[in-house]
Amino acid sequence: MKRIILTGALGQIGTELTVKLREIYGEDNVLATDIKEPVDSPLEGKPFETLDVTNYEEMERIAREFKADTIMHLAALLSATCEKNPHLAWEINMGGLVNALEVARNLNLQFFTPSSIGSFGPSTPKDQTPQTTIQRPVTMYGVNKVSGELLCDYYYEKFGVDTRGVRFPGLISHVREPGGGTTDYAVEIYFEAVKNGKYTSFIDKGTFMDMMYMDDAIQAIIDLMEADADKLEDRNAFNVSKLSFDPEILAESIRRHYPDFELSYDVDPVRQGIAESWPNSIDSSEAKRQWGFDAKFDIDKMTDTMIEAIKKKI
Ligand code: VAH
């Protein structure tokens, strides 16, 4: 990777990934794109172009003029938003992905896009879910993610595009909050704990989902993209996760800072239904074995980091 273009760079992953890539590869070698201009963002005033990922010609023009050798495609709608507007979700999540893969094929770019634990469904084994298993998701987001995984494998096998991807769990961050996700409760709870000492969760107690701190997710992307291709038996859809918890366990970690923190529930049936269709925990052993995936933030280290950063921010 020398010259990297990102789509969806203003999103939860894109914002921190762009900053980290610029630290490693140099600011001028990382071009951020998104559908709107950066405002109140760490990316403001740095190399940036507006791009609607459903516009193939525009995406190819920008990538060609930038002389990219890598494209990281992050632009996508998240699970709860997709259920509100499934047709728009298909247009953006699949239309954008096909365009990004075509740009990678036509300009001979290395390619990354994330899948998600959302690619699993109710018939998937729930605990320590293997990387290769049943995938019958019941959400439009899951259909998009499974289709995307298969499409990225196809572009590698059929066209020799160097596609690589991981299945992310819920990602916890403080720089750019997520929007429209099912796991967003695990980010909101920290901001509410610091601001108000209490939080009403839309996900019910006892609902376990995989989670990971954003620094570990960003490092996983870079490690996979820099991995020796000869070591990769798989290409896309590597399970990567570090934590599995429910709201009660997360609240206990927060009470190490705020002993009186109050957690209550007002369950959102749509997002609760999505959460219950996903695994409780996934097995990341293939990513560890094939390219050395390693995550460093346990739940208390994540909580300490989040609370420290949010206190500074507000
Ligand atoms: C979502 N944060 O909730 C995303 C992610 C595994 C969850 O895909 O939709």
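## Close-up views of a predicted model

View 1. Just after H2, Lys-67 takes a positive phi of about 60°. Helices (H or I, at least four residues) and strands (E, at least two) are DSSP runs, numbered from the N terminus. This is a predicted model, in which local features need pLDDT of at least 70 and side-chain atom pairs count only at pLDDT 80 or more, whereas totals for chains, interfaces and linings use all residues. Residues are numbered from 1 along each chain as its sequence is written, and side-chain values use heavy atoms, with hydrogens and water left out.

**View 2. Thr-7 in strand E1 (residues 4–7).** Thr-7 counts as buried, at 1% relative accessibility. A polar atom of its side chain lies 3.2 Å from the backbone nitrogen of Ala-75. Leaving aside neighbours within four places in sequence, Thr-7 is in contact (heavy atoms within 4.5 Å) with Thr-33, Leu-51, Val-53, Ile-71, Met-72, His-73, Leu-74 and Ala-75.

**View 3. The cluster of Tyr-154, Tyr-155 and Phe-159.** Rings of Phe, Tyr and Trp (its six-membered ring) pair if their centres lie within 6.5 Å, and planes under 30 degrees apart count as stacked, over 60 as edge-to-face and the rest as tilted. By this rule there are seven aromatic pairs. The rings of Tyr-154 and Phe-159 have centres 5.9 Å apart and planes at 85°, so this pair is edge-to-face. Tyr-154 is partly exposed at 41% relative accessibility, and Phe-159 is partly exposed as well, with a relative accessible area of 37%. The charged end of Arg-105 sits over the ring of Phe-159, 4.7 Å from its centre, a charge being over a ring if NZ of Lys or CZ of Arg is within 6 Å of the ring centre and within 35 degrees of the ring normal.

**View 4. Helix H9 (residues 269–277) and its buried residues.** Asp-268 caps the N-terminal end of H9, with a side-chain oxygen 3.0 Å from the backbone nitrogen of Val-270. Arg-271, Gln-272, Ile-274, Ala-275 and Ser-277 are the buried residues of H9, and what covers them includes helix H3 (79–84) and strand E11 (209–213). The charged end of Arg-271 sits over the ring of Phe-202, 3.5 Å from its centre. Gln-272 counts as buried at 7% relative accessibility, and a polar atom of its side chain lies 2.8 Å from the backbone nitrogen of Asp-204. Not counting residues up to four places away in sequence, Gln-272 touches Phe-202, Ile-203, Asp-204, Thr-207 and Val-267.

Conventions. Buried < 20%, exposed > 50% of the residue type's maximum accessible area, 1.4 Å probe, protein only. Polar contact = N/O pair within 3.5 Å; in protein donor to acceptor, adjacent residues only side chain to side chain.
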